Amino acid sequence: MKFLLNKETLSVDFKDVYIIGYAGRDMKKTQEHIDELERDLGVKPPKRIPTIFECSNELVTQEEDLKFVGDMTSGECEYIIIKSADKIYITLGSDHTDRKLESVDMSKAKQVCVKPVAREVWDYEEVKDHWDDILLKSYITVDGEERVYQDGKLADILPVEKILQELDERVGNTEDILVFSGTVPLKDGFVYGEKFRSEMVDEKLDRKIELEYAVNVIGVEEL
């Protein structure tokens, strides 16, 4: 997959894709999210946190006009770890998930939706010293009106080293991977709209990575 790194084209290869769930640093807020999922969607609490889901490589996309089955799918902004050729790059992604299926089988819910990622990456070494201050925001458009959906910082999510440590200990793989980090809290619960937009803002270096895509619901003919 190709990305832009400081305006230069970077080609990276990843063999495996992982999605980290319940990855908040604040255990109280993480528990609130678990409770929110159980209350609103009937999702069973995890046996272990953070959770680790493996995802098909083919689901990772940089397309912007996307199609999903059903009207209960939604995105969430996450930082992405790309570890390739002994280097770590950071970008922005959305763990778009089928919320209805999530209440039945979390693993299947993670697998049935494509996973958008941005076209730009940052060298992790360039942001490591001010990591916690980087902003993470998302917006959702409903009936043509955009609203703030999430507003947090990378300090709200487990850091890169902790996520890689969990993968190394539990999966045994931290090479040639792409990892969705987990997300920041929702402002007003789950909302389903026709467009999802997010941004990761580095105020210290005066730059940001943006991700935007359309959410098209696939029509299903009645049998």
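This report covers the sheets, salt bridges, cavities and pockets of a predicted model.

Residues are numbered from 1 along each chain as its sequence is written. The model is predicted, so local features need pLDDT of at least 70, side-chain atom pairs count only at pLDDT 80 or more, and totals for chains, interfaces and linings use all residues; side-chain values use heavy atoms, with hydrogens and water left out.

**Sheets**

Helices (H or I, at least four residues) and strands (E, at least two) are DSSP runs, numbered from the N terminus. Two strands pair if DSSP finds at least two bridges between them.

Eight strands form an open sheet. Their order is β2-β1-β12-β9-β8-β15-β3-β4, with mixed pairing. At the edges are β2 (8–11) and β4 (51–55), each of which pairs on one side only. The twist from one strand to the next averages 35°. Axes here are lines fitted to C-alpha atoms, for helices over the stretch in contact, and angles run from 0 to 180 degrees between N-to-C directions. Strand β3 (residues 16–21) pairs with β4 in the antiparallel sense over five bridges. I19 has F53 in β4 as its bridge partner.

Five strands form another open sheet, in the order β6-β17-β16-β13-β14. Pairing is again mixed. β6 (65–69) and β14 (145–153) each have a single partner strand, so one side of each is left without a neighbour in the sheet. Neighbouring strands are turned by 25° against each other on average, direction ignored. Strands β13 (residues 135–142) and β16 (residues 195–202) run antiparallel and share seven bridges. Y139 has R197 in β16 as its bridge partner.

**Salt bridges**

Side chains of opposite charge can pair when their charged atoms come close. The criterion used is a side-chain nitrogen of Lys or Arg within 4 Å of a carboxyl oxygen of Asp or Glu. The whole structure holds 17 salt bridges.

E175 and K83 form one of them, with the closest N and O atoms 3.3 Å apart. This pair links distant parts of the chain, 92 residues apart. E175 sits in the loop between α5 (160–170) and β15 (177–183), and K83 in strand β8 (residues 77–84). Burial is judged by relative accessible area: buried means under 20%, exposed over 50%, partly exposed in between (1.4 Å probe, protein chains only). E175 is partly exposed at 37%. K83 is buried at 14%.

E212 and K195 meet in another salt bridge, at 3.6 Å from N to O. E212 belongs to strand β17 (residues 207–218) and K195 to strand β16, 17 residues apart. E212 is partly exposed at 37%, and K195 is partly exposed at 34%.

Which residue forms a salt bridge with R197 at 3.9 Å? E199 does. E199 is buried at 8% relative accessibility, and R197 is buried at 19%. A network of salt bridges links E146, R197, E199, K208 and E210.

**Cavities and pockets**

Both are found on a 1 Å grid over the protein atoms alone. A cavity is a set of points where a 1.4 Å probe fits but cannot get out. A pocket is an open set with protein on both sides within 12 Å along at least five of seven lines. Lining residues have an atom within 4 Å of a point. Grid points are joined across faces, edges and corners, and a volume is the space filled by probe spheres set on the points. Ala, Val, Leu, Ile, Met, Phe, Trp, Tyr, Cys and Pro count as nonpolar, Asp, Glu, Lys and Arg as charged, and the others, Gly among them, as polar.

| Space | Volume | Lining by class |
|---|---|---|
| Largest cavity | about 40 Å³ | five nonpolar, five polar, one charged |
| Second largest cavity | about 30 Å³ | three nonpolar, no polar, three charged |
| Largest pocket | about 370 Å³ | ten nonpolar, eight polar, ten charged |
| Second largest pocket | about 290 Å³ | eight nonpolar, three polar, four charged |

The structure holds two cavities of 30 Å³ or more. Residues lining the largest cavity include T73, H96, I140, K195 and V215. β7 (73–74) and β16 each give two or more residues to this lining. R147, V148, Y149, K187, D188 and V191 line the second largest cavity.

The largest pocket has 28 lining residues. Y22, A23, G24, H33 and T183 lie nearest its centre. α1 gives the most to this lining, with four residues.

The second largest pocket is lined by 15 residues. V43, K44, P45, P46 and M106 lie nearest its centre. β4 gives the most here, with three residues.
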